[in-house]
Amino acid sequence: MNPRRSFAAGTGLFILLGFAALAYLATQTSSVANFSSGPTYDVVAQFDNVGSLKDRAPVKIAGVRVGSVKSIQLDNQSMEAKVTLAIDTRYNDIPDDSFAKIMTSGLLGDQFVALSPGGSPDVLKNGSRIINTQSAMQLEDLIGKFLVGGSSPAKSSSTGAAGGGKNGG
Amino acid sequence: MPTDADADALVEVRDLTTMLSGKAVFDGLSLDIPRGKVTAIMGPSGTGKTTLLKHITGQMRPDRGTLRVDGQNVPTLGREALYALRERIGYLFQNSALLTDYDVFENVAFPLRQHARLPEVLLRNIVLTKLQAVGLRGAARLMPSELSGGMARRVALARAIVFDPMLILYDEPFVGLDPIALNQVLKLIRTLNRTLGITSILVAHEFAAVRQVADGVHLIANGRLVASGTPEQLARGESDWTRQFFGGEADGPVPFQYPAGDYAEALGFTGAAA
Amino acid sequence: MSADMKTKAPRGGMLVDGLAQIGACGLFLLALLGAIPRSLRHLREISRQVWFVGAMSLVIIMISGLFVGMVLALQLYYTLSIFGGTAALGTVVALSLYRELGPVITALLFAGRAGTAMTAEIGLMRATDQLAAMEMMAVDPIAFVATPRFLAGVIAMPLLANVFSMLGLLGAHLVGVTWLGVDNGTFWSNMTSNVDVWKDIVNGTWKALAFGVVVSLIAVFQGYTAPPTSEGVAYATTRTVVFASIVILALDFVMTAFLM
Ligand SMILES: Nc1ncnc2c1ncn2[C@@H]1O[C@H](COP(=O)(O)OP(=O)(O)O)[C@@H](O)[C@H]1O
Ligand SMILES: [Mg+2]
């Protein structure tokens, strides 16, 4: 009876290993890994152009992931992209004058939202709006500038004026 | 000849006709296998003896004719009925056909495990009893690849009788056995028949061995029954068939030459002949 | 469906031969599926076969996965660095493995390692009358021999493909991060933001399952219908590898086009 039982045990072990591999790949190497399990609060930012920013793209401060992009919609009035960011609640003292910038990891890498903390004593809360934003850098624009003769630093298109009055929580 | 349809026949073959690859293997074969006896079936190689056993067990279906085993017409049986019938028949294959994945014990236990939910202790006792009967209880844990031809055949025999069948079919059980192993198998066939009353059909070429154990002999050739009787009657050689078969003549009703075209022509002598 | 299943080659050229084979294979698949309820009584046999075709293939699958991942990282790093895109290394490796290389290479290795073994084993069981002996013991060889092996192959293939991909990722990480110096965080975060569970991992697993079905079907069918001679079995084993490989690659194209 013994050899038979060890067969069954080995088979069970093999099946377990196979499913463990599937579970690992599915939860640790795919976008599922980006769903933060903890509670989050929502912050809105408007951009001229989000480039190829996608839902669930990371939101980082100083390179550390603090949340993810929850949704990207077109704001009908301003004709700008309205990006909702879901920030982990444990990062609850981000100054409300922080600067949001769409950046690219590497030249061809993915786009993410980088927050540069400001100096305001007030912090971002659920429903806050980030006023200072900078759109995605467009590769085409960049190349165009180089070809035309390369003028000055990239035009910082701060959209602060657009949402200036409606700051609050 | 099976003219008198005696009620004592366990197997009744009537007007059996079978074509295989365009050749008539059986051409109106009729014969009876009496209950409780050892009946030998003899005939030239390729005459259809194995095919007949396959018909009896429903592994092959004839084109025409009836084939009754214990009253049931085998070719008309459905799957369930056929499998139920097979559980009452033991079959010893020409090459033993042990399952190479399992050891001797598990081979003999195989039919029990498949068909009967027995407590392990009871199963073990049955298997060891059958192995003891064929003298191989000590070999229970050997694998089939570790057995000699004679031992493998005895294990196959133990497996064939594990359900105490009413009928055992032996397909050339003596082939490739040394004289000692041959006598052991012969003794087993006799014992099983005499002590348990199991009806036996024995396909074999060794007339000396058949003579010691068979109650009756059917000789088939060209798809028909050509002679039938006790071994002694056949040994007297009263027909061309029996003379050739048991008298050891090379030429007779079964031609020495396989059918061929003209010999001279094949050697290229056509021109010379013309 | 039983021992008297005839495999007479019909006259009329390769096309008819081929069609007849495909038809016979399809009918055989129906017989296999029909026998599933009965073969569930032989759970022990199914588990034994999962061990033989699955667990026994683990070593070759793991070693191959590791090396494929390593060479993938090496090649892609070189290509990506031309465009300054080495940050995407993790993503590209993972997508190649999950969507394509994992299922396909695993299936090809599986056909060579487990498929041939199934064919040869069943062919020899036929040649040595073991299948006929089962029939005589009132055990249906389709339900006891063919279907458990088929099911075991279908179960084992997707699991093996995922193990392959996992080891491939390990190999790629080894070469890309440890050796070539891609940033560890970038390697993973780029991957996690681009790999989709359903589109990439689950669809890849479906692919592997489909390959498991065709490879096991071909292997069992070839074994079951092999002429009962040593030449016949040898030839059937070869056919298993050839047919399975062609069908895997063709099916891969079809599934990629319609599924992914
Ligand atoms: N499955 C089959 N298909 C075609 N021909 C067969 C088949 N089985 C047996 N035969 C042919 O039937 C004849 C009888 O074979 P068989 O019963 O094995 O003879 P025996 O056992 O008397 O030597 C042989 O000519 C053999 O070639
Ligand atoms: Mg024979």
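This is a predicted model: local features need pLDDT of at least 70, side-chain atom pairs count only at pLDDT 80 or more; totals for chains, interfaces and linings use all residues.

Student: What makes E135(C) and R86(B) a salt bridge?

Tutor: The closest N and O atoms of E135(C) and R86(B) are 3.0 Å apart. The cut-off is 4 Å between a side-chain nitrogen of Lys or Arg and a carboxyl oxygen of Asp or Glu. The pair is Glu and Arg, and 3.0 Å is within 4 Å, so the name applies.

Student: How many salt bridges does the rule find across the interface of chain C and chain B?

Tutor: Four. The rule for polar contacts finds eight residue pairs there, both residues at pLDDT 80 or more.

Student: Which elements of chain C supply the side that touches chain B?

Tutor: Those giving two or more residues are α3 (43-53), α5 (89-127), α6 (130-136) and α7 (141-179) of chain C. The largest share, six residues, comes from α6(C). By class, this side has ten nonpolar, three polar and eleven charged residues.

Student: How do you know how much area chain C and chain B bury?

Tutor: Buried area is what two parts lose on being put together, summed over both. For chain C and chain B that is about 2,000 Å², with 55% on carbon and sulfur atoms. On the chain C side, M136(C), M137(C) and A138(C) lose the most area to chain B. Together they make up 32% of what that side buries. The contact takes 24 residues from chain C and 24 residues from chain B.

Student: Which elements make up the side of chain C that touches chain A?

Tutor: α3, α7, α8 (184-194) and α9 (197-224) of chain C each give two or more residues. α7(C) gives the most, with eight residues. The residues of this side divide into 19 nonpolar, twelve polar and three charged.

Student: What area do chain C and chain A bury between them?

Tutor: About 2,700 Å², 72% of it on carbon and sulfur atoms. Chain C puts 34 residues into the contact, and chain A puts in 31 residues.

Student: What about S21(B)?

Tutor: Here the side chain takes part: an N or O atom of S21(B) is 3.3 Å from a nitrogen atom of ligand 1. That is within 3.5 Å, so the contact counts as polar.

Student: How much of ligand 1 does the protein cover?

Tutor: The protein covers 63% of the 560 Å² of accessible area that ligand 1 has on its own. β2 (23-34) and α1 (49-56) of chain B each give two or more residues to the shell. α1(B) gives the most, with three residues.

Student: Which classes make up that shell?

Tutor: Three nonpolar, seven polar and two charged residues. Among the residues around ligand 1 are K23(B), K49(B) and T50(B). Lys counts as charged, so K23(B) and K49(B) fall in that class.

Key:
Residues are numbered from 1 along each chain as its sequence is written. Chains are lettered from A and ligands numbered from 1 in the order in which they are written. Side-chain values use heavy atoms; hydrogens and water are left out. Contact means heavy atoms within 4.5 Å. Buried area is the accessible area (1.4 Å probe) that two parts lose on being put together, summed over both. A polar contact is a pair of N or O atoms within 3.5 Å; within protein, one must be able to donate a hydrogen and the other to accept it, and residues adjacent in sequence count only if both atoms are side-chain atoms. Helices (H or I, at least four residues) and strands (E, at least two) are DSSP runs, numbered from the N terminus. A residue is near a molecule or strand if one of its heavy atoms lies within 4 Å of it. Accessible areas come from the Shrake-Rupley method with a 1.4 Å probe; for residues, only the protein chains shown count as cover.
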